[in-house]
Amino acid sequence: DTDTEKGLNNGQNATDLTEPGKKESEDKGRQLAQERPGVKTIYHSPVERASQTAEIAAKSAGEATGTEVKTKEKDLLKTWDIGNWIHTPEPDFDEAHYVNNPDQKAGGGESFNDFKDRAIKAWNWAKGLADDKAVITHSKVQKMFEALNATDGVWNDKAKSIYLGEDEKAELKKSSSPEGKNEEPVKKEDAEKDPNAKQKFTAKN
């Protein structure tokens with residue numbers, strides 16, 4: 001959308017799709033038609049860019065399958081309302097801070113708990129959809145769905161880590177660290193005997 005193209009944060013505010021965004025939406029529709037040729041309905045949030053994405057994708061999917069694909073709003077699919085953080089540079093919004101302080105409202109908008117609780121309801125609803133129904137949603141909601149998929153719908157430390165991308169960051173850091181390559185893990189008992197080993201043990205845990 002127009003904010004993302006400029007490197008700005010967006011939430012539930014109205015923004016338009018860019019030309020590349022429209023092309024990506026068409027591609028999503030064709031991909032959906034290929035993977036699920038019986039699709040008849042695409043659900044989306046009422047946020048403007050989500051509606052635009054779903055409409056374009058539905059038309060593209062319908063042209064590919066030769067059948068009409070309808071769109072339908074679902075309020076549960078709304079992204080996080082980050083209040084006055086919208087239109088600010090993306091790095092300025094410290095998402096992890098609000099995830100770790102889940103009752104604090106982001107920029108006067110919603111708290112993370114508000115968003116998370118709605119996303120859990122959306123995940124449970126989407127899980128029961130028939131095969132001819134599809135969902136197109138926002139990146140934060142998609143991240144939440146991926147986290148909940150890994151924990152069977154339970155919000156816990158693992159889900160939080162996946163949502164924030166901490167597992168992926170840790171693996172990337174480990175694979176790119178010269179010290180970490182081919183290094184044997186330090187046992188706790190060895191760490192207690194050897195000060196140097198203890199330093200390594202503490203750093204790794």
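The dialogue below explains how to read several features of this predicted model.

Me: What kind of model is this, and how are its residues numbered?

Reply: The model is predicted; local features need pLDDT of at least 70, side-chain atom pairs count only at pLDDT 80 or more, and totals for chains, interfaces and linings use all residues. Residues are numbered from 1 along each chain as its sequence is written, and side-chain values use heavy atoms, with hydrogens and water left out.

Me: What average pLDDT does the protein have?

Reply: The term pLDDT denotes the predictor's confidence in each residue, from 0 to 100. The protein averages 85, and 81% of the residues score at least 70. Over residues 171-177 the pLDDT is below 50, and this stretch has two contacts beyond near neighbours in sequence, a contact being heavy atoms within 4.5 Å. Over residues 179-205 the pLDDT is also below 50, with 14 contacts beyond near neighbours in sequence. Where pLDDT is low, the predicted coordinates should not be read in detail.

Me: How many helices and strands does the protein have?

Reply: Helices (H or I, at least four residues) and strands (E, at least two) are DSSP runs, numbered from the N terminus. The protein has 10 helices and three strands, and along the sequence they follow the pattern α-α-β-α-β-α-α-β-α-α-α-α-α. Among contacts between residues at least 6 apart in sequence, 66% join residues at least 24 apart.

Me: In what order do the strands form the sheet?

Reply: Strands of a sheet pair through backbone hydrogen bonds, either parallel or antiparallel. Two strands count as paired if DSSP finds at least two bridges between them. Here three strands form an open sheet in the order 2-1-3, with parallel pairing. Strand 2 (70-73) and strand 3 (133-135) stand at the edges, each with a single partner strand, so one side of each is left without a neighbour in the sheet. Neighbouring strands of this sheet are turned by 30° against each other on average, direction ignored; the axes behind such angles are lines fitted to C-alpha atoms, for helices over the stretch in contact, and angles run from 0 to 180 degrees between N-to-C directions. Strand 1 (residues 41-44) is joined to strand 2 by four bridges; His44 has Glu73 as its bridge partner in strand 2.

Me: Which residues of strand 1 are buried on its two faces?

Reply: In a regular strand the side chains alternate between the two faces of the sheet. Buried means under 20% relative accessible area, exposed over 50%, and partly exposed in between (1.4 Å probe, protein chains only). In strand 1, Thr41 and Tyr43 are buried on one side, and Ile42 and His44 are buried on the other. Across the protein, buried residues make up 37% of the 205 residues.

Me: What span should helix 3 have, and what covers its buried residues?

Reply: The expected span of a helix is 1.5 Å times one less than its number of residues. Helix 3 (residues 48-65) has 18 residues and should span 26 Å; its end C-alpha atoms are 26 Å apart, which agrees. Its buried residues include Arg49, Ala50 and Ser51, and their cover includes helix 2, strand 1 and strand 2. After helix 3 comes Gly66, whose phi is positive, near 80°.

Me: How far does helix 5 reach, and which of its residues are buried?

Reply: Helix 5 (residues 112-127) has 16 residues and reaches 22 Å from its first C-alpha to its last, close to the expected 22 Å. Among its buried residues are Phe112, Phe115, Ile120 and Trp123. The cover over the buried residues of helix 5 includes helix 4 (95-100), helix 6 (139-150) and helix 7 (157-164).
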